[in-house]
Every structure is written in structure tokens, then in C-alpha cells.
Amino acid sequence: MSTVAFFAIAIFTLAAALAAASFSKLIHAALCLALAFIGIAAFYFSLGAEFVGLAQVFIYVGAVAVLIVFTILLTRRESDAPVQFKWSGAVVALAVFAGLIWAIFKSPLPGGAAPAVAPLTVKQIGESLMTSYVWPLQCVGLLLTGALIGAVVLVMDEKP
Amino acid sequence: MNDLAMATTPTLTHFLVISAALFSIGLLAALSRRHAIYILIGVEMLLAAANLNFIAFWRYGAPSPQPTGVMIALFSIAIAAAEAAVGLALVIAVYRHYRTTNVDQFTSMKG
């Protein structure tokens, strides 16, 4: 992966994420969030995790972003004032960023380019999911079923 | 020119810095607005930053026969999807009750 591509994706992702955090119109923030997710998926592709990148695009951009937009439209009122910005949050975020950067540069990390490895195939991922990770897979299936039923129950109209 | 490009090939540190920045931006979105949907957007960004770290460590770490980092990222994406579904359903349910999505006004359980 070339440096130019890395910095292009990085600038795109961080700009979209910052826009999502700073736009005071909620619907614009949600659409910028979808752009940031596309940038993160591009990082996954560049790191050789194509399957995760595709899953990211399908699930986050395809489902989660659309879900957020639907919720915004369902809870929108004309009288809503624009959401105010609290600067205390920015201070905490900057402090956390400084702490993380300090930790990253203090840690003994492997330098240099990524080691050359055979590309990860979908067949390998499927075999791992069905052998070593079969219990987590079942648990995630159960969790998703529970979450779906729970979400429907939460928004169901209560019958008098 | 070629030497410069070789010297600045993205390393693990580059990805960690990007991930830290994304995490902080998510925290900023979650903390600086008193609005339930902004908070959910921020939490989604935090989870995405964590996933980016998993994938970066998997790629730059010692090669292993099991793609553990990829697996954790996949499960984490599934859990984030479940979290978004339930969280947004909660926002709609609370909105029906209070007619607002400002978290400062959800005060019935305040002591």
C-alpha cells in the first residue's frame, strides 16, 4: 500500500468523521458518518481484510446508516432547535487523544512495513468460523435474534 | 524519491494514530451533544476505531494460522449492528414518551 493512498484515505475518513461530529444538522451528520464508514472500509481493503471491508460496507453503510436516517426522520419535529455544542466534550476528547498518542509512541511497536503473508481467502474465514469460532458464531446468532426481537418489541404500539 | 516512499510506507504506528484520532472524534460526537442520536453516532465511531485497531494488529503482527483479528472484527461488527438496532429502537420508544430526543430532558428517574 502506498503512502499517498494511505494519507488520501486517512484525510477522507477523518474529515468525514469530524464533519459527522460537528454538523449541527443531524441528517448531514448521519450522511457524513456513512462516508466515514466507507473510508474505514477502504482501510480494511488496503490492509488485506477484504471480507471485513465488504461486511463493513454492507452492514454499516447499507444497514446502520439507513437505520439512523430512518430514526432521524421518525423523531424529527419542525420546532426542534439546532443541537448545541458543548465544549467540555471537546476538551475530554482532546485529552483522550493526547493520552492515546502518548501511549502509542511509548509502546515498543514493530516498525517497518507489514510482513508478506498469503492473502486471506473467504474459504479460510468460513473454515475458521465453522471450527474454532463456532461457539462465538452461535452466540452472535442468538444475540442478533434477541436484538431483532427486542427492537421490534420496544417500538411496538402498546394495545390498550 | 523511491527511497523517501520506502521510508514512509505506512507502519503500524500510522494506523494506530488514525484509529486514536477516530476514537477521539467519536468521543467528541458522543460527549459534546445532548442528543440521543448523536451519542449513538459517536458510539458507532468508537467501535469502528476499535475494529481498525484489530485489523491493523492482525496485519502487522506475527503471522498465525488463525485469522483471529479478522474474526474479532467480524463479531464486533455484528455486535455493533445489534447495538445500533436496539439503541435506535430505544430512541424511538423514548421519543414517543417524552416527545424529544434531548437526553437532558429524560429526567423521570432522576433522584
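## Chain A at a glance

Let's start with chain A, which has six helices and zero strands. Following the sequence from one end to the other gives the pattern α-α-α-α-α-α. The radius of gyration of chain A is 20 Å, well over the 15 Å that the globule rule gives for 160 residues, so chain A is more spread out than a compact globule. Please keep in mind that this is a predicted model.

Taken along the principal axes, the C-alpha atoms of chain A fill a box of roughly 60 × 40 × 25 Å. Of the 160 residues in chain A, 24% are buried. Where contacts in chain A join residues at least 6 apart in sequence, 52% of them link residues at least 24 apart.

## Chain B at a glance

Now for the partner. Chain B contains four helices and zero strands, and its pattern along the sequence reads α-α-α-α. With 111 residues, a compact globule would have a radius of gyration near 13 Å, but the value for chain B is 19 Å. The C-alpha trace of chain B spans about 60 × 35 × 25 Å along its principal axes.

Buried residues account for 52% of the 111 residues in chain B. Of the contacts in chain B with a separation of 6 or more, 52% come from residues 24 or more positions apart.

## A helix pair inside chain B

Two packed helices are described by the angle between their axes and the distance between the axes. How do helix H2 (residues 12–32) and helix H3 (residues 36–60) of chain B cross? Their axes come within 7 Å and cross at roughly 170 degrees. An angle over 145 degrees counts as roughly antiparallel, and that makes H2(B) roughly antiparallel to H3(B). By class, the residues of this contact are 20 nonpolar, four polar and no charged.

## Where the two chains meet

How many residues does each chain bring to the contact? Chain B gives 61 residues and chain A gives 71 residues. On the side of chain B that touches chain A, the elements giving two or more residues are H2, H3 and helix H4 (68–98) of chain B. H4(B) supplies the largest share of that side, with 20 residues. Sorted by class, the side of chain B that touches chain A has 47 nonpolar, ten polar and four charged residues.

## Two helix pairs across the contact

The next pair is helix H2 (residues 26–46) of chain A with H3(B). The axes of H2(A) and H3(B) come within 11 Å and cross at roughly 5 degrees, which makes H2(A) roughly parallel to H3(B). From H2(A), the residues that meet H3(B) include Leu33(A), Phe37(A), Phe43(A) and Tyr44(A); among their partners in H3(B) are Tyr38(B), Glu44(B), Met45(B) and Leu52(B). The residues here divide into 16 nonpolar, no polar and one charged.

## Two residues up close

Is Val69(A) buried, exposed or partly exposed? Val69(A) is partly exposed, because it has 17 other C-beta atoms within 10 Å, a count between the 12 or fewer of an exposed residue and the 20 or more of a buried one. Val69(A) sits in helix H3 (residues 50–74) of chain A. Not counting residues up to four places away in sequence, Val69(A) touches Ile27(A) and Ala30(A). Glu158(A) is 89 residues from Val69(A) in sequence and 24 Å from it in space, C-alpha to C-alpha.

Ser24(B) belongs to helix H2 of chain B. Ser24(B) is buried, because 26 other C-beta atoms lie within 10 Å. Which residues does Ser24(B) contact, leaving aside its neighbours within four places in sequence? Its contacts are Ala93(A), Val96(A) and Phe97(A). Tyr95(B) is 71 residues along the chain from Ser24(B), and the C-alpha atoms of the two are separated by 28 Å.

Methods
Residues numbered from 1 in each chain as written. Chains lettered and ligands numbered in written order. Predicted model: local features only at pLDDT ≥ 70, side-chain atom pairs only at ≥ 80, totals over all residues. Rg over C-alpha atoms; globule rule 2.2 N^0.38 Å. Contact = placed C-beta atoms within 7 Å. Axes fitted to C-alpha atoms, helices over the stretch in contact; angles between N-to-C directions. Parallel < 35°, antiparallel > 145°, perpendicular 65-115°, else oblique. Nonpolar A, V, L, I, M, F, W, Y, C, P; charged D, E, K, R; others polar.
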